[in-house]
Amino acid sequence: MTVVHEREPVAGILRAMAADRDVCGELVDAARTHSPEVARLTEAETHSHAAALIRAAGTWFATFGRVEEQDFAAALLLGADRAGQGVPMTAVVRGVQAALTRAVEITLDRCRSAGVPDSTLLTVVLRLKEYGDAVERHVINGYRAAERGRTPHGVSENRTRLLRQLLVGGVVPSAEELARAGLRPDGTHHCLVSDVGDPARSRLLARRLSARRGVSGLVEGRLVALCPRIPRGEEIGESALVVASPAAPLDGLRPLYRLCVRAVGIGGRQERRGLYELTDFAAEIALADQPLLGSLLGERLLDGLDRSDGFHRQLALTARVFLDNGRRLDQTAAALFTHPNTVRYRLGRLQQLTGESLADPSPEYRSGPLSTLHWWWALTTWLRADADSLSGRQESS
């Protein structure tokens, strides 16, 4: 039995799957669900690997040549990248197997919909299994090759493992291991975490940090460095977001690393770029840990606002920018590209709706720093929830 006549339809189905973001998203979800270590990486990067592997499968199915004759560069690169990111090989294999299994399921569904005969489907499954086994072997080969030499990101595997051991596992390596990596066992270091996952940008930023005696590597999909001092902003540049912790002994870096990861997540959503200190995000991290309180404050202070009213959203945004700028009308107007009288009018309308004046607060408790904090927290939570619901409405339309 042969599938020569069905070769092109199946190859076309695979090519269409590679171009389908929903399909690639399902493969990424499968890999991330079955491998928590892979789930810590950026979804965009995992997506690019999934698309490359499906494209290669389409080419392979069309040529119908022997496995040994095919190009498995995408699989080799996947293995090398995961080694450079410090993902354990067993976790990589679990993710690859889960994604390949889901790919076979989707391929069979689409083959049936395209009218490929049932008598042919068994051969399709066997050929896809052959391809999957070859992918798995090449992923492992790429991983081991990166372990033997240097990772694609120019960072030694030993340093990457040491950083993962220290920052994720919370175990301080031996003095000899630390010395080989360029770290002083009795010294203090700043932990720097970036939002960079792209290999080319990682290499550039790693070189900049290495010039300042930083020890860097990819940990959980992000470029991380330990530095004896915080670099200057111009040494980092404006192409990436980098958050730096206060200096701490090696055994105190793990909780600071986790806080830096939280800060990078918040700063990334706000599209911030450049170098920030961890304490710049102190209030936002603390408030993010209590979302229910933020919602309750919004219900109490902003009960007169309607989320479906665009003008009300404008009033809330103006009020938050007003607080961000120290209750200064001129600075608020400049930030919003409008006139101070417009800001004053909007704050007046907000007062009518909520019963509270932010521009001219009462001399009692409501004018104190806690009141300002409560208002900022309520407005931020209200605006974020409004943006989330708006995004959901757009996706469903």
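Q: What makes up the lining of the largest cavity, by class?
A: This is a predicted model. The lining of the largest cavity has 19 nonpolar, five polar and one charged residues.

Q: Which element gives the largest share of that lining?
A: Helix α6 does, with eight residues. The lining counts 25 residues, and A50, L53, V96, A99 and L100 lie nearest the centre of the cavity. The elements that give two or more residues are α1, α2, α4, α5, α6 and α7.

Q: Why is this space called a cavity?
A: A cavity is a set of points where a 1.4 Å probe fits but cannot get out. The search of the whole structure finds two cavities of 30 Å³ or more.

Q: How do you know that the span of α15 is close to the expected one?
A: Helix α15 covers residues 310–324, which is 15 residues. At 1.5 Å a residue, 21 Å is expected. From first C-alpha to last, α15 reaches 21 Å, close to that value.

Q: Why are some residues of α15 called buried?
A: Buried means under 20% relative accessible area. In α15, H312, L315, A316, T318, A319, V321, F322 and L323 are buried, so each falls under that cut-off.

Q: Which residue just after α15 takes a positive phi?
A: G326 does, at about 65°.

Definitions and conventions:
Residues are numbered from 1 along each chain as its sequence is written. This is a predicted model: local features need pLDDT of at least 70, side-chain atom pairs count only at pLDDT 80 or more; totals for chains, interfaces and linings use all residues. Side-chain values use heavy atoms; hydrogens and water are left out. Helices (H or I, at least four residues) and strands (E, at least two) are DSSP runs, numbered from the N terminus. The expected span of a helix is 1.5 Å times one less than its number of residues. Buried means under 20% relative accessible area, exposed over 50%, partly exposed in between (1.4 Å probe, protein chains only). On a 1 Å grid over the protein atoms alone, a cavity is a set of points where a 1.4 Å probe fits but cannot get out, and a pocket is an open set with protein on both sides within 12 Å along at least five of seven lines; lining residues have an atom within 4 Å of a point. Grid points are joined across faces, edges and corners, and a volume is the space filled by probe spheres set on the points. Ala, Val, Leu, Ile, Met, Phe, Trp, Tyr, Cys and Pro count as nonpolar, Asp, Glu, Lys and Arg as charged, and the others, Gly among them, as polar.
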